[in-house]
There are 2 protein chains.
Amino acid sequence: MSSPEPGAADDVRMRGFARRTPVETAWRWIDERVQRLPGEVVSIWQAAGRVLAEEVICSRPLPAFDRAMMDGFAVRAADTQGATALNRLPLKIVGRAWPGRPAGVDLNVGQAIAIMTGAPLPAGADAVLPAERAEVEGETVWALDEVPPGRNVGFRGEDVAEGACVLRSGRILRPQDVALLSAMGRARVAVVRQPRVGLVITGSELLPAGSPPQAFQIADANGPLLAALIQRDGGLPRFPDMRVETAHSQKKDNFLVSSPLAAADDPRDYVLPDDPAAILDALLNTSADLLVVSGGSSVGQEDYVPQLVAQHGELAIHGVAMRPSSPTGMGRIGGRLVFLLPGNPVSCLCAYDFFAGRAIRQLAGLPAAWPYRSVRRKLTRKLVSQLGRVDYARVRMTPEGVEPVAIGGASLLRSVTEADGFVIVPAESEGYPAGADVEVFLYSPFLGDNMAGSQAKSS
Amino acid sequence: MSSPEPGAADDVRMRGFARRTPVETAWRWIDERVQRLPGEVVSIWQAAGRVLAEEVICSRPLPAFDRAMMDGFAVRAADTQGATALNRLPLKIVGRAWPGRPAGVDLNVGQAIAIMTGAPLPAGADAVLPAERAEVEGETVWALDEVPPGRNVGFRGEDVAEGACVLRSGRILRPQDVALLSAMGRARVAVVRQPRVGLVITGSELLPAGSPPQAFQIADANGPLLAALIQRDGGLPRFPDMRVETAHSQKKDNFLVSSPLAAADDPRDYVLPDDPAAILDALLNTSADLLVVSGGSSVGQEDYVPQLVAQHGELAIHGVAMRPSSPTGMGRIGGRLVFLLPGNPVSCLCAYDFFAGRAIRQLAGLPAAWPYRSVRRKLTRKLVSQLGRVDYARVRMTPEGVEPVAIGGASLLRSVTEADGFVIVPAESEGYPAGADVEVFLYSPFLGDNMAGSQAKSS
């Protein structure tokens, strides 16, 4: 509008935050309210990286039968006693055994059965004479060595005994865990359900991601940012389905239910205007496990979200003693946790990682802590911070150590794309001098000396 | 069979490996033959974690216009000169500006425009007076402070200047990179195509994964193992489509082309028997970028794969000086690299990580090095290794340091599920004494002191 309306000037007298909650208090609030979601049964082909939601007990011994561990001859160890290259002992070859195809005959005194690695050991045999210690002449094999009982035999149950608990609930399944499940004959396994995260992106000035910015509108960055972060943390992001909302306004679940976002087409028209009714509808009418709202989180006059959450739910925390991201809020609405993240993309990233991500990771059964690898490095320049607030200081790795990224302003995305990671300065610290040893959380799992070191070694 | 056939005994006189190639030689062979795949264009919603295949240049300044960085009043800085709480200076409010909704009027001497954070700065204004340093009376705002030109203004192009290269080709895209692409108005981006990896699982004794083991048959563990590893390394595993093979034997591409395996249903009947014709067909008739064969890789008589590769392609390396996994091979067939991995699941995992994974990661544009985080730890027990071969020693983290996993035998999956990681003992070493400081590669990104440290700190 081009001229002031009645009360317009009054609107911009900002209410400041009455007080800012310490970061640790906010963490405690979250940790007391989230627990991992119940399990769902998935195919072992889709289980790697998921969090196990059952105690896996071995229902049959693995392996299920004694088997040859080398190519050679199944024998009775006693028959080879005293054999040497100079005192070869003859055995009669009476059969052969392949993996999956047993010999079909038992072994008697003075006999041998040709056997391949992995083949079931014939009844009567108790050892395998390696092929390179045997000489074959027609149907006779000459033992050049003696083998003690059990030599080169893999015994039934030696990998996993029947009834043993092989994988504990809560474990993040590795490729080899899935292999073990498969070897035990398991086709499916119970894993923690992935949290569905309702993503409410607000801002009348925003065009949906993928739109070329036009005039004074800007393209949303937080939708793609948060969708990627949520997926990294084991969650399934979903947007309000605006089309459905119009057609079926009574519909309880107005979120896309189809599939994780990554597999879906590009979402369109997902941005909500700064309209309290539309935002409230999105906050209440969803079947998500947790809600993340971007924008409208502060105390400005179009910042409707805190008020909506306070009126229709509980606004437990609003304003956190940190920078950036101080206008962050959290509470409950419609029985779910809701996180109010600032619209500024750098603040949004930081607030997500500090708070929303922490909750999502715990719902998913993952560790609450930072999902970033950390290394210790020397600061090459001093890092100044304000007493009383936690600072999320973006830093860059250098050959000499680590330095604060000079790009000022939490609104500048380049400060997090050009940074290699961040240092957290606690509220009670005024920062660190040059030369101080600090813990650096790295944005990329592929950066830092560990990988560089291994790479050098392996080339 | 129950009795020896002619020549049966002869079969089991094993040819040993003539010589074993050093691990470094095999790595060099791989590294000289792989380069990252060309790019494909994907939605930014699906770009996080992918490897950038273009230089991203900013085609318009970001932000595209000067904007308020605080809620308050857009002013001419000169009009506030000398203002203090005791010397309030009056300005006439002539409009208001919201994000996405400019004031629509220019600012003249003695005027102010109410403005919200992110709103475009009106023409004529050069600073923003913060709301808390202003007092409003009707249509007048009193400045309690002077603001210098540029104060609280975010300038056009201050995040990214037009024409700047913001992201370099080869970068693994982070959530914030995707946010920057979105803010720049990009809907799509070129990323390195994911390598399609043909997975040939052989073994007449194998039942497909998910089958309860029966009699002397065992359930395949390597299919799910390799599928998970390949996906971790950015590849798309696919199995020979056995059903299609029968119906359309002339079909050039007999691999499932539908989708990455994780999104597909459980594969069934994917195991190939130890039948040279079936294996050769799978090796030749596929559109994969790289082939991984499990089983039949050694010098036993049903180990057909090395011979098939040698006859119809090139078997460059067969037998590697390492343990486990010494019966590993690599070469080319049908114009693609092929990796021959032992059927033993632990050897299969190890050989994949040493060789096939190294090739797949490089095709995907990822670092060649281990995809495992490493930490340094003290050995609490000695680690013995044989001179002349590289040892892949599974270890377990303890409060005191790290110890070798006592479970012997490379056939025992529990040796890799109960281990926290591994230590690589070089060929020229006989191992390490207790107390030695060793580099441990961790199977899980969530284990180890970094995460534990942060967790303690953040709770």
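**Notes on the predicted model**

1. In chain B, B:Val23, B:Ala26, B:Trp27 and B:Ile30 of helix 2 are in contact with B:Phe354, B:Phe355, B:Arg358 and B:Ala359 of helix 8, where two residues are in contact if their C-beta atoms, placed from the backbone, lie within 7 Å. By class, this contact has seven nonpolar residues, no polar ones and one charged residue; Ala, Val, Leu, Ile, Met, Phe, Trp, Tyr, Cys and Pro count as nonpolar, Asp, Glu, Lys and Arg as charged, and the others, Gly among them, as polar. Helices (H or I, at least four residues) and strands (E, at least two) are DSSP runs, numbered from the N terminus.

2. This is a predicted model, in which local features need pLDDT of at least 70 and side-chain atom pairs count only at pLDDT 80 or more, whereas totals for chains, interfaces and linings use all residues. Residues are numbered from 1 along each chain as its sequence is written, while chains are lettered from A and ligands numbered from 1 in the order in which they are written.

3. The geometry of the chain B pair can be stated as follows: helix 2 (residues 23–31) and helix 8 (residues 345–363) of chain B pack at an angle of about 15°, with their axes 10 Å apart. Axes are lines fitted to C-alpha atoms, for helices over the stretch in contact, and angles run from 0 to 180 degrees between N-to-C directions. Helix 2 and helix 8 of chain B are therefore roughly parallel to each other, given that angles under 35 degrees count as roughly parallel, over 145 as roughly antiparallel, 65 to 115 as roughly perpendicular and the rest as oblique. Their crossing is right-handed (a crossing is left-handed if the near helix is turned anticlockwise from the far one by less than a right angle, and right-handed if clockwise).

4. In chain A, helix 2 (residues 23–31) and helix 9 pack at an angle of about 15°, with their axes 10 Å apart, and the two helices are therefore roughly parallel to each other. Here A:Val23, A:Ala26, A:Trp27 and A:Ile30 of helix 2 meet A:Phe354, A:Phe355, A:Arg358 and A:Ala359 of helix 9, and the crossing of these chain A helices is right-handed.

5. The domain assignment divides chain A into domain 1 (15–37 + 194–363), domain 2 (39–61 + 173–192), domain 3 (67–154) and domain 4 (373–457); such bounds come from an automatic or database domain assignment.

6. Strand 13 (residues 196–201) and strand 17 (residues 290–294) of chain A run parallel and are joined by five bridges, and A:Val200 has A:Val293 in strand 17 as its bridge partner.

7. Some backbone features of chain A deserve a look. Most residues other than glycine have a negative phi, and most peptide bonds are trans. The peptide bond from A:Leu62 to A:Pro63 is cis, with omega near -5°, and the bond from A:Arg323 to A:Pro324 is cis, with omega near -5°. A:Ala215 has a positive phi, near 45°, and lies in the loop between strand 14 (206–207) and strand 15 (218–219) of chain A.

8. Between the chains, the contact takes 114 residues from chain B and 114 residues from chain A. Helix 3 (residues 175–183) of chain B gives the most to the chain B side, with eight residues. The axes of helix 4 (residues 175–183) of chain A and helix 4 (residues 222–232) of chain B come within 7 Å and cross at roughly 160°, and these two helices are therefore roughly antiparallel to each other.

Notes: Pairing = 2+ DSSP bridges.
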